[in-house]
Amino acid sequence: MDTTPLPAPALQVAHWLNTPTPLTLASLRGRVVVLHAFQMLCPGCVAHGLPQAQRLHQLFPPEQLAVVGLHTVFEHHAVMGGVAALRAFVHEYRLSFPIGIDQPDGLDGVPLSMQALRLRGTPSLVVLDRYGRVRLHHFGAIDDLRLGALLGQLVGEALPPADGVPVASGCDDRGCPLPSATTA
C-alpha cells in the first residue's frame, strides 16, 4: 500500500480578506501551510480553531509557515455567505492571517474547496508540507501540543529546491532509496 502523502487540490475561492492579492497553494510551496476551515457560527471554530490559527500566525515566521483561513459555509448561507458579514467578524476577532471565502456550489450546498478537500465539517485543519502534500487532515479541535509537534517537524524538514527536484540523488516524492538500491 502506497502511503505517500498526496498533493492538496487547488483552492476555489470567491473572495480574499487580509491579503493584497489572491493566494494559491502553489504560490505557498516551500513553506508549511496550515489551512483552517471554519464558519462564523461554529462554536468550535470560534472557541478553539480560530484562536489557534491566530496564535500559529503570530508564532511562526511567515517564510516558514503560512496560515490560511477558509470560510466554508455549508449551512445558514443567508447569514454567513456575505463578504461584509465576514469582514466584520474578522475585524471583531482581530484575525490577521489571509482568509478565503470558499466558492459556493450555487445550490446552497457544500462549497467547492470543502468538497475537493473532502472536509467533514468545521473546524477542520489541513496541514501541507513544503511540497504542498497533505500531512494532516483533521476534523474538530486538535490539541496545541500535538499540532505544534507536527509543525515543528515539518518546518525542520529540508527546503525543496527551486526547481522542485529533491536534493539527494535518486530521491523523489516516494522517498530516498539506499545508494546500492539505485545502482542495482
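Modeller: Let us begin with a term: rings of Phe, Tyr and Trp (its six-membered ring) pair if their centres lie within 6.5 Å, and planes under 30 degrees apart count as stacked, over 60 as edge-to-face and the rest as tilted. By this rule there are two aromatic pairs. This is a predicted model, in which local features need pLDDT of at least 70, side-chain atom pairs count only at pLDDT 80 or more, and totals for chains, interfaces and linings use all residues. Residues are numbered from 1 along each chain as its sequence is written, and side-chain values use heavy atoms, leaving out hydrogens and water.

Biologist: How far apart are the ring centres of Phe-38 and Phe-89?

Modeller: The centres are 6.3 Å apart and the planes stand at 20°, so this pair is stacked. The pair links distant parts of the chain, with Phe-38 in strand E2 and Phe-89 in helix H3 (residues 83-92), 51 residues apart. Helices (H or I, at least four residues) and strands (E, at least two) are DSSP runs, numbered from the N terminus.

Biologist: And what of Phe-89 and Tyr-93?

Modeller: Their ring centres lie 4.6 Å apart with planes at 35°, so that pair is tilted. Phe-38, Phe-89 and Tyr-93 form one aromatic cluster.

Biologist: Is Phe-89 buried or exposed?

Modeller: Phe-89 has a relative accessible area of 9%, so it is buried. Buried means under 20% relative accessible area, exposed over 50%, and partly exposed in between (1.4 Å probe, protein chains only). Tyr-93, at 44%, therefore counts as partly exposed.

Biologist: Now to helix H5. Which of its residues are buried?

Modeller: In H5, Leu-147, Leu-150, Leu-151, Leu-154 and Val-155 are buried. They cover an arc of only 130° around the axis, which puts them on the same side of H5; the arc is that of the directions from the helix axis to the C-beta atoms. On the other side of H5, Leu-145, Ala-149 and Gly-156 are exposed.

Biologist: What do the buried residues of H5 pack against?

Modeller: Their partners include helix H1 (43-59) and strand E3 (65-71). Contact here means heavy atoms within 4.5 Å.

Biologist: Which peptide bond is cis?

Modeller: A cis peptide bond joins Thr-122 and Pro-123, with omega about -5°. Pro-123 is in the loop between helix H4 (112-117) and E5. Arg-118 lies in the loop between H4 and E5, and has a positive phi of about 60° although it is not a glycine. Most residues other than glycine have a negative phi, and most peptide bonds are trans.
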